[in-house]
Amino acid sequence: MTVRYWEDYTLGETFETEPVIVTEESIITFAEKYDPQVFHTDPEAAKGSFYRGLIASGHQTIGLAFAQFVRLGLFKENSLGGPGMDEIRWTAPVRPGDTLHT
């Protein structure tokens with residue numbers, strides 16, 4: 001892919017990543033280290049939570065989305081640094097077996 005800089009992008013341009021399947025194991029492993037709340041770490045206890053089951057940490061979903069974006073190869077030869085994130089919303093929980101598209 002050709003090296004691109006900020007001025008090479010067009011407003012409204014879109015990119016689609018390869019999907020990633022979120023597993024129970026990946027949810028628990030991430031949460032035990034970075035977001036140890038019961039609805040992320042314990043499938044049985046999570047059934048009694050507000051979410052009624054295990055869900056991925058929002059921070060994990062952001063990390064997965066960013067990794068998917070990096071794998072597109074747009075920054076292979078140059079890094080533009082953190083482009084920032086605006087208006088992040090978690091509108092639905094990510095559960096084991098869900099497939100994420102970014």
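Throughout these legends, a residue counts as buried under 20% relative accessible area, as exposed over 50% and as partly exposed in between, with a 1.4 Å probe and protein chains only. The model is predicted, so that local features need pLDDT of at least 70 and side-chain atom pairs count only at pLDDT 80 or more, while totals for chains, interfaces and linings use all residues. Residues are numbered from 1 along each chain as its sequence is written, and side-chain values use heavy atoms, with hydrogens and water left out.

**View 1. Overall fold of the protein.** Four helices and two strands make up the secondary structure, where helices (H or I, at least four residues) and strands (E, at least two) are DSSP runs numbered from the N terminus. Read from the N terminus, the order of these elements is β-α-α-α-α-β. The radius of gyration, taken over C-alpha atoms, is 16 Å, well over the 13 Å that the globule rule (2.2 Å times the number of residues to the power 0.38) gives for 102 residues, so the protein is more spread out than a compact globule. The C-alpha trace spans about 50 × 25 × 20 Å along its principal axes, and 25% of the 102 residues count as buried. With contact meaning heavy atoms within 4.5 Å, residues 24 or more positions apart account for 71% of the contacts with a separation of 6 or more.

**View 2. The edge-to-face pair of tyrosine 9 and phenylalanine 15.** The structure holds four aromatic pairs, for which rings of Phe, Tyr and Trp (its six-membered ring) must have centres within 6.5 Å, and planes under 30 degrees apart count as stacked, over 60 as edge-to-face and the rest as tilted. The ring centres of tyrosine 9 and phenylalanine 15 lie 6.2 Å apart with the planes at 70°, which makes the pair edge-to-face. Tyrosine 9 is partly exposed at a relative accessible area of 21%, and phenylalanine 15 is partly exposed at 30%.

**View 3. The tilted pair of phenylalanine 30 and tyrosine 34.** Here the ring centres are 5.0 Å apart and the planes stand at 45°, so the pair of phenylalanine 30 and tyrosine 34 is tilted. Both residues belong to helix H1 (residues 24-34), in which they are four residues apart, about one turn of the helix. Tyrosine 34 has a relative accessibility of 56% and therefore counts as exposed.

**View 4. The aromatic cluster.** One aromatic cluster is formed by Phe39, Phe50 and Tyr51.
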